[in-house]
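Open the model in your viewer and keep the selection tool at hand. This tour goes from stop to stop.

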Amino acid sequence: MIYLDYSATTPVDSRVLDAMTPFFNASFGNPSSVHRYGQVAESAVDSAREMVASMLNCRPDEIIFTSCGSESDNLAIRGAAYAIRERTGAKRILASRAEHPAVTNTLKHLEKYEGFLIEWLDVDERGRVSPEKVAEAICEDTAIVSVMYANNEIGTINPIKEIAKVCRSKNILFHTDAVQAAAYLPIDVQSLGVDMMSLGAHKFYGPKGVGALFVRKGTPLISHLTGGGQEFNLRAGTQNVPYIVGFAEALRLTVMERERRAAHVKPLRDRIIGAVLETIPDSRLTGDWESRLPHHASFVFKDVDGNLLLALLDAAGFACSSGSACKTGNPEPSEVMNAIGLSREWGLGSLRVTLGVQTTPADVDSFLKVLPGLVEKARKLKLNRHD
Ligand SMILES: *Cc1c(COP(=O)(O)O)cnc(C)c1O
């Protein structure tokens with residue numbers, strides 16, 4: 001089996017696992033305990049926080065550890081939305097139409113149950129949010145702007161620095177979901193100018209089930225998980241010490257090895273894009289050619305059922321992903337496919353191929369050997385089904 005789905009998740013780096021292991025048993029203390037067991041655990045969490053802060057170029061007390069990227073998005077958006085509404089009454093939230101469900105469904109929830117108003121920003125046909133459109137859409141009643149750093153489905157990188165600048169000039173809080181971006185893009189929060197930034201470890205060779213949120217000092221935020229005073233009173237619950245240690249080590253290695261990792265995957269990725277567009281009829285690249293994550297290739301094939309193609313690929317020994325949500329009998333193109341303006345006959349045939357440190361040129365060769373035939377097969381099966 002060849003794994004080509006690194007945007008869904010990555011294996012844990014063995015160096016990360018080694019760093020985590022002692023904190024499951026040998027040093028198992030609760031960081032809130034006063035005794036020495038607690039002190040050891042507390043100092044591990046403190047060191048992890050300092051490490052993450054130094055990677056992000058911020059203060060340690062601006063890092064909140066969470067249980068995942070989704071929770072970081074929730075804490076940022078809910079926490080700031082409640083806090084700002086309480087202060088100023090503002091109740092509008094601006095977000096792009098191509099956000100991850102951790103953001104879009106959080107916003108829909110705030111709209112339905114909490115009385116917030118959501119304004120969805122259009123993206124262009126490559127999935128990019130324009131800073132000018134953000135500037136036009138901001139009004140007096142705007143509480144927060146949330147735009148993802150890089151898109152998980154189509155790999156498009158947004159001009160986050162420019163959007164942050166627009167928000168700052170209008171004194172509006174800016175949150176970015178960097179869960180997908182952190183593996184390959186700069187994450188210096190001073191240079192980016194963001195107020196809040198979400199991260200999740202399992203997208204960069206750390207464990208699943210741990211995330212972090214950068215919250216700039218002075219940002220109004222209300223905890224949405226109440227209980228003990230952990231994480232500066234912003235996220236209750238005994239800290240997951242081994243996973244927090246793993247998060248910090250995975251991020252450290254990522255920042256250190258980022259260029260090497262990108263140099264490994266990018267030429268392989270480019271070969272895939274070139275070969276697919278050249279050899280497969282009625283195929284298109286989704287997202288942008290230039291402003292794109294280096295490990296990420298994504299396509300749509302006209303008149304192909306993306307989920308069927310995934311099953312055929314799986315049977316042939318390749319693990320890939322599609323953008324469309326799998327609903328038995330009645331598949332719908334994903335919101336991202338709709339947002340970039342693809343019709344149903346194209347949008348349902350999406351395929352995402354994402355590479356990583358373990359991908360070899362031979363993997364790519366064998367993938368490119370089988371893909372054209374499988375696309376053709378999926379196309380025939382779909383047409384027959386409609387007869
Ligand atoms: C994976 C991902 C998330 C969710 O992260 P989890 O840690 O799986 O909760 C959020 N946003 C983006 C862009 C992602 O790629």
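## Around the ligand

Start with the shell around the ligand: its residues divide into three nonpolar, six polar and three charged. Keep in mind that this is a predicted model.

Now select the shell itself. Pick C68, G69, S70, D73, H100, M148, N152, D177, V179, Q180, H202 and K203. Which helix gives the most to this shell? Colour residues 69-88 to see: helix 3 gives the most, with three residues.

Next, show side chains and zoom in on S70. An N or O atom of the S70 side chain sits 2.7 Å from a ligand oxygen atom. Move to K203. Its side chain also has an N or O atom 2.7 Å from an oxygen atom of the ligand. Then click H202. Here a polar side-chain atom is 3.0 Å from a ligand oxygen.

Alone, the ligand exposes 390 Å². The protein buries 89% of that area.

## The cysteines

Leave the ligand and look for sulfur atoms. How many disulfides does the structure hold? The count is zero.

Select C58, which is in no disulfide. The nearest cysteine sulfur belongs to C167, 19 Å away. Is C58 buried or exposed? C58 is buried, at a relative accessible area of 13%.

Last stop: C139. This residue is in no disulfide either. Its nearest cysteine sulfur is that of C167, at 12 Å. C139 counts as partly exposed, with 33% relative accessibility.

Note on methods:
Residues numbered from 1 in each chain as written. Predicted model: local features only at pLDDT ≥ 70, side-chain atom pairs only at ≥ 80, totals over all residues. Heavy atoms only, no water. Near = heavy atom within 4 Å. Polar contact = N/O pair within 3.5 Å; in protein donor to acceptor, adjacent residues only side chain to side chain. Areas by Shrake-Rupley, 256 points an atom, 1.4 Å probe, with all protein chains shown as cover. Helix = DSSP H or I, 4+ residues; strand = E, 2+ residues; numbered from the N terminus. Nonpolar A, V, L, I, M, F, W, Y, C, P; charged D, E, K, R; others polar. Disulfide = S-S within 2.5 Å. Buried < 20%, exposed > 50% of the residue type's maximum accessible area, 1.4 Å probe, protein only.
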